[in-house]
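Open the model in your viewer and keep the selection panel at hand.

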Amino acid sequence: MNSEAISSSLDPGAEIFPPGITRQKLEQEILPGYIGRARWFGGKARHPKGFTVLAAPALGNAKMLLVGVDYADGAAETYLVPLQMAAADTLGIGEKHPQAVAARTSEGGILFDAIHDEAFRAALYSLAMAGGSQTGSAELVGLPGHVPPELAEPQPSRVLAVEQSNSSVVYGDRIFLKLYRRLEEGMNPDAEILRFLSDHGFTHAPPYFGAVEFRADGSRPRVIALALGMVSHEGDAWTFALAELDKYYARVLAEGFDASPFAGVSPPGLIPTRERDLELGDGSGSQGPDSQRPATAGGPASQRPATVEAFASLVGNEFLARVRQLGVRTGELHLALASDDRDSEFTSEPFGENERLALALAIRTEGKRVMDLLEKRRDALPAELNEAVASLMEAARGIDETAERLAAATHLATDRTRTHGDYHLGQVLNTGNDFIILDFEGEPARTLAERRLKRSPLRDVAGMLRSFHYAAHSAASKLGAQRASAEPFGELWAATVNRAFLEAWLSKTAGAPFVPSRTADLAQLLEAFLLEKALYEIAYELNNRPTWVGIPLRGILGILRAG
């Protein structure tokens, strides 16, 4: 984003905060140090070279500074910095929140982050929840949703002390407000989608209660705050899955089950068909008469489970029921997002040749990048990954072949819609008996325009399938000497759970235009999205967590084998 999309009309010598704190003083003396050390500032490693106060609309006793940050590489970002001046530190900001102090005056005054003032938080609440505007050369506009009458007045509030890229405020025990720090020009997909879902009766996402936009001549609006209903929960679905995996591994390792026949099992080929059910066993697809009985190590092959369903009791029938519930909720989300043919921002559109070729190109390009990275860094990877890396090098041609088959699939017909955009277990809350889906901002590394694109909902499905696979191996990594014995069972757990999730999603969305009607097309498109996701994961892990790269390596090998 280019911070110059807003042209500052503030005179460099104009006093923004009395006594004597001008725009020039802010830009040259105060903001570089204050923003540079703020926990929400994401450009610390990018060598900022300049700070510009683009606008300073008032809210309560504060000024909502929009600050353009220019970097040495030519890039630019815009940050929201709400600052407030007090003649004396009567609120105890310096003692309670020293990191929030931007400057002090010789007379004992203090310039501080207004988020720590209750009165400012109340003004922000009122604007978001009741609407209205704070006008001037730049404008703050409230966009209220359906607010319960008992929440019309500001509630007692507190700032959440968590390290993240935004600031979070809780009002009473009912409202969660996110104050965005890095602002992008245009509609924020989190606010946009949550408002749409609330308006269309989808109850498995936090209810939208209001938002605040910044508006200025010559630029598109920017969402600066989003107010949502709080959700009582027991933690996210990632934590829930890891707890279930701990119990699962304890069962299979304690009872000595033999997982060797299932070492090649992987999530991808899990789409059930009338002609061919998912078959595991010894690789031949045959099933003995006793194949439904779990067997201990050393038992005859005919007693080893030959289908994913045979392991349901080991995985946990109650947990699988919750997985199916999540599949249903995910399907309901996608149906809701495709339910309005009058709103052009949400109307379904064909997943046509351009989208198919773009996906094929992305797979081919990312595949080449990943193989180059692996070649450069394979000597630095853990020795235990040598075999998997070598196997992928041998199977690399399969990546291009997947892309080529997709590019040639002119018969593939389906729709694309708005989607979650960054769907995984960490984006879902477990309420104990149901799930709430949240965080619709999309992948943070992508531009806002990219995050608002319509895509196939199967991309979300692939993200969740990969997340279950990650969970299986993340839990296994904690098992020390038993890890090697556990990992084949991790693959089997992922296959079992992914099948349950996918079947439930397909059942809920049956007949929807965004689900390919031909099973072969469905399998091909899901395979492509799984491969795209796993390739991204390998590149990410190589650059950030090399010891984790084995998880997506296994995933890609499984995808290529299944394809």
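## Aromatic pairs

The count of aromatic pairs comes to 14. The rule: rings of Phe, Tyr and Trp (its six-membered ring) pair if their centres lie within 6.5 Å; planes under 30 degrees apart count as stacked, over 60 as edge-to-face, and the rest as tilted.

Select Phe319 and Trp493. Their ring centres are 5.8 Å apart and their planes lie at 20°, so this pair is stacked. The pair links distant parts of the chain: Phe319 sits in helix H7 (residues 317-337) and Trp493 in helix H13 (residues 483-509), 174 residues apart. Both Phe319 and Trp493 are buried. Buried means under 20% relative accessible area, exposed over 50%, and partly exposed in between (1.4 Å probe, protein chains only).

Next, select Tyr470 and Trp548. This aromatic pair is stacked too, at 6.4 Å centre to centre with 25° between the planes. Tyr470 is in helix H12 (residues 458-476) and Trp548 in the loop between helix H14 (519-544) and helix H15 (550-562), so the pair ties together parts 78 residues apart in sequence. Tyr470 has 9% relative accessibility and counts as buried; Trp548 has 26% and counts as partly exposed.

The charged end of Arg545 sits over the ring of Trp548, 4.1 Å from its centre. Then jump to Arg46, which lies over the face of Tyr71 at 4.2 Å from the ring centre. For such a case, NZ of Lys or CZ of Arg must be within 6 Å of the ring centre and within 35 degrees of the ring normal.

A note on the source: this is a predicted model, where local features need pLDDT of at least 70 and side-chain atom pairs count only at pLDDT 80 or more, while totals for chains, interfaces and linings use all residues. Residues are numbered from 1 along each chain as its sequence is written, and side-chain values use heavy atoms, with hydrogens and water left out.

Select Phe240, Phe319, Phe435, Phe468, Trp493 and Phe501. Ring pairs link these residues into a cluster. H7 has the largest share, four residues. By type, the lining of the second largest cavity divides into nine nonpolar, no polar and one charged. Its volume is about 50 Å³.

Move to the largest cavity, of about 70 Å³. Its lining includes Arg418, His420, Glu443, Arg446 and Arg459.

## The largest pocket

Select Ser165, Asn166, Lys178, Asp439 and Glu441. Of the 44 residues lining the largest pocket, these lie nearest its centre. The pocket holds about 1,100 Å³ of space. Strand E16 (222-229) is among the elements that each supply at least two lining residues, and E16 gives the largest share, four.

Finish at Ser219, in the loop between strand E15 (208-216) and E16. At 15% relative accessibility, Ser219 counts as buried. Its side chain makes a polar contact (a donor and an acceptor, N or O, within 3.5 Å; sequence neighbours count only if both atoms are side-chain atoms) with the side chain of Arg222, at 3.5 Å.

## Terms

- Cavity and pocket: on a 1 Å grid over the protein atoms alone, a cavity is a set of points where a 1.4 Å probe fits but cannot get out, and a pocket is an open set with protein on both sides within 12 Å along at least five of seven lines; lining residues have an atom within 4 Å of a point.
- Volume: the space filled by probe spheres set on the points, joined across faces, edges and corners.
- Elements: helices (H or I, at least four residues) and strands (E, at least two) are DSSP runs, numbered from the N terminus.
- Residue types: Ala, Val, Leu, Ile, Met, Phe, Trp, Tyr, Cys and Pro count as nonpolar, Asp, Glu, Lys and Arg as charged, and the others, Gly among them, as polar.
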